[in-house]
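Hi,

Here is the structure I said I would pass on.

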Amino acid sequence: MLRTIKISSHSRSEVTISGNLFLAPMAGFTDAAFRHICTEYGSALCYTEMVSSEALARKNLKTKKILCRAENEANYVVQIFSATWESAVASLAEIIPFKPLIIDLNCGCPVPKITKSGAGSALMRNPEKIGEIVKALTEATDIPITVKMRSGWDFESINFLQAAQIAVKNGAAMVTLHPRTKTQGYSGKSDWNKIKELKKSIDVPVIGSGDLFEPQDCLNMLRETGCDGLMVARGAVGRPQIFKETRLLAETGALPAISLEEKVRAAMRHLELAAKYSEDKNALEVAVKEMKKHLCSYTKGIRGSAAVRNKLVQCNSIEEYRAVLGELLVS
């Protein structure tokens, strides 16, 4: 089940990914620091937060910072959202210097401010436009173009098979499916049967996503759907070890509990990386703010951690975070 994945760009140049456990793109979460620690724990490929192709084309500095590559990322994926092929192609000049292994087109984000622009999961209402964007990108670069999509806009318009087939026909080298509709958001359950259907219907690698919170979930998805790989999203927040754990479970059939020391060590490491990738005072202030949600997730399940989380949300510096986390080891 755990293996390498090979994909080809439209020019037929082959790209090999050394594993099939990936970190999904998550707005506000998958910055360089988080991708760095997930790579340390065994994620074979990490996706940037989705970036606006239009903002990149306008050379927006704040948007471009999202593309910052972690030092240990031999390979990574830049995910863009775009409503038109013109803006998608225009953004390539800003993306290519970062040398991503893959460029991924977001066709699944359900957030209203994205869909109102015609991007994200709004593209599921017009699969032909997905084809147009993919075709334009594959003609403009040799970097493989992939697509991440939902099962449809709503339950009355489940069209992921059509959308995926159009994307592949126009050059998509890999397709990821999160089998929920746009209207579902993140509610209900993802329908893994749709991943199985997709795998049977297209001849490029299929990556599954949705409801992967435990290592056993990951192995179950691979086994039940036959997908080529999987993409962990919320299940990795506060638990980057899930990639290492999944591999260990697959190889040995056993899964030792993560010790308190390991949980705190991982949180501390993530904190160090957040500081490392903050190149100036403003960036550090942002990192301090963004770390609250990560660190609160790291402490879930630890006895007495509610009080610690109450303190964490009050922290205003890296040093204060370290002091609060240290309390867990002496309590």
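Val308, Lys311 and Leu312 in H14 meet Tyr321, Val324, Leu325, Glu327 and Leu328 in H15; contact here means heavy atoms within 4.5 Å, and helices are DSSP runs (H or I) of at least four residues, numbered from the N terminus. By class, that contact has six nonpolar, no polar and two charged residues (Ala, Val, Leu, Ile, Met, Phe, Trp, Tyr, Cys and Pro count as nonpolar, Asp, Glu, Lys and Arg as charged, and the others, Gly among them, as polar).

Before going on: this is a predicted model, where local features need pLDDT of at least 70 and side-chain atom pairs count only at pLDDT 80 or more, while totals for chains, interfaces and linings use all residues. Numbering starts from 1 along each chain as its sequence is written, and side-chain values use heavy atoms, with hydrogens and water left out.

H14 covers residues 305-312 and H15 residues 318-330, and they pack at an angle of about 175 degrees with axes 10 Å apart (axes are lines fitted to C-alpha atoms over the stretch in contact, and angles run from 0 to 180 degrees between N-to-C directions). The two are therefore roughly antiparallel, a label for angles over 145 degrees.

Now for Leu295, which lies in helix H13 (residues 281-298). Leu295 is buried, with a relative accessible area of 0% (buried means under 20%, with a 1.4 Å probe and protein chains only). Beyond its neighbours within four places in sequence, Leu295 touches Ala267, Leu271, Leu312, Tyr321 and Leu325.

Cheers

Key:
Buried means under 20% relative accessible area, exposed over 50%, partly exposed in between (1.4 Å probe, protein chains only). Angles under 35 degrees count as roughly parallel, over 145 as roughly antiparallel, 65 to 115 as roughly perpendicular and the rest as oblique.
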